Amino acid sequence: MIAQSHKNLVAINARVAGIVVQHYEGLDAQQIAYGQYNITESDTDDYWDGGLYGGGAMSDCFVIMNNNDGDVSALAKLYMAANLGMATSMWGDVPYSDAFTGDQGNFTPTYDVQENIYTTIQTLLTESINDGVSAGVGEFYGAGSSNTDWEKTAHALKARYFLHLTKKQGNTAAASALAEVQLALTDNSEAPVFTFTNPVQNSNPLYAFESQRPATLGIGSTLTTMMTGDPRLPLYTTNGTDFADATGLFWGQPDSPTPLISYWEVKFIEAEAIIRTGGSDADALAALQDAVEANMLFVGVSQADSDAYTSSIALSGTTDDKIETIINEKYKSMYGNSSTEAWNDYRRTGFPTLVASPDAVASVNPSLVVPRRFLYPISERQTNRENYEAAISAQGGHLLDNDIWVYE
């Protein structure tokens, strides 16, 4: 359950989301097609079937939730919420309520509407906290350490998924996120960080991809341009192209860590929520500087270089100007560990300012915009057609440029 959940953060769909949001750049083969937004229903199938449903992480979560009590069930609820958040971020309406009843003969689950999915995520996390996720879960190999605080992690995830709703619910969602931040992670050591290992089949999926398909994916030029003079850039790429399999490239090693949610994300959430709720610019700036520092220290930037960079950050101008500063800094920090959240931020806020690919194809994205969603996988069209078509109809179509509920 844990291993597959953390693979989901950086495997195929998250990698494609990284291309969409210009963290990565396609250099050859299918990666070029993804950069042209030619992302088909076949490209998302493995992630849906093997990463989430079928034999994936959410199926494991369901089995554990329903066959255990107390802290073990509580941990499964936490991971179910995180995976469900990934699923709805990519597709909108997705199966949940009757998605795991194949042993009862139900092979055609209905799709829960996205609004209800977000309610379910919050319910799962509340239950996880109430069931005692912080007590006695133990030290899981490769997933955090004895310092990992699972209750604070649950509050951090609650803050993330409240913040997703700011475009629909405005300051109400921001206030809910800010309240959860006060109960969430307080430093890098408390975060649930999965560390991958050798051999290659057990390694970080970004490294594994590069080792199997070298020179087909590189770091995005949008990101590298934004990071001119940033002390993290030499730890992200050595030549402006490669992102993996080179000494010193932090996120591209076989044992590169992957946080389920990071302390720096929590502080970015805090900074944005403070601005949205009319709080002090000084408090928002302090949270923003803490976020950047946490990310820099995690990837190996020196304290001196971190201090020099964070002291140069300022918040000024309109509310939108301040949010743009926060999201741009967050975008740089989410590289390598959460491109999906960077994509969510872009769809919520319009930041960072991205220029759509000039080579975008119109067949699945007639507006030629930076994609708003993925197509449902081909396996759903072939085996669950009635519910698949109902979900498409409810969301106004089945194209990459159809907005989904939380971004309307």
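Which residues of helix 16 (residues 303–310) are buried? The views below, all taken from a predicted model, begin with this helix.

**View 1. Buried residues of helix 16.** Ser 306, Tyr 309 and Thr 310 are the buried residues in this helix. Around the axis they span an arc of only 90°, which means that they sit on the same side of helix 16. An α-helix has 3.6 residues a turn, so residues three or four places apart point the same way. The cover over the buried residues of helix 16 includes helix 15 (281–299) and helix 17 (319–334).

View 2. Arg 372 is 31 residues away from Asp 403 in sequence, yet their C-alpha atoms are 5.6 Å apart in space. The side chains of Asp 403 and Arg 372 are joined by a polar contact of 2.7 Å. When neighbours within four places in sequence are left aside, Asp 403 is in contact with Arg 372 and Gln 395.

**View 3. The largest pocket and its lining.** The largest pocket holds about 520 Å³ of space. It is lined by 23 residues, of which Ala 11, Ile 12, Arg 15, Asp 46 and Pro 205 are the closest to its centre. Helix 1 (2–8), helix 2 (12–20), helix 3 (30–35), helix 4 (45–52) and helix 11 (205–212) each give two or more residues to the lining of the largest pocket. Sorted by class, this lining consists of eight nonpolar, 10 polar and five charged residues.

Notes: Residues numbered from 1 in each chain as written. Predicted model: local features only at pLDDT ≥ 70, side-chain atom pairs only at ≥ 80, totals over all residues. Heavy atoms only, no water. Buried < 20%, exposed > 50% of the residue type's maximum accessible area, 1.4 Å probe, protein only. Helix = DSSP H or I, 4+ residues; strand = E, 2+ residues; numbered from the N terminus. Arc of directions from axis to C-beta. Contact = heavy atoms within 4.5 Å. Polar contact = N/O pair within 3.5 Å; in protein donor to acceptor, adjacent residues only side chain to side chain. 1 Å grid on protein atoms, 1.4 Å probe; cavity = no way out; pocket = protein on both sides within 12 Å on 5 of 7 lines; lining within 4 Å. Points joined across faces, edges and corners; volume = space filled by probe spheres on them. Nonpolar A, V, L, I, M, F, W, Y, C, P; charged D, E, K, R; others polar.
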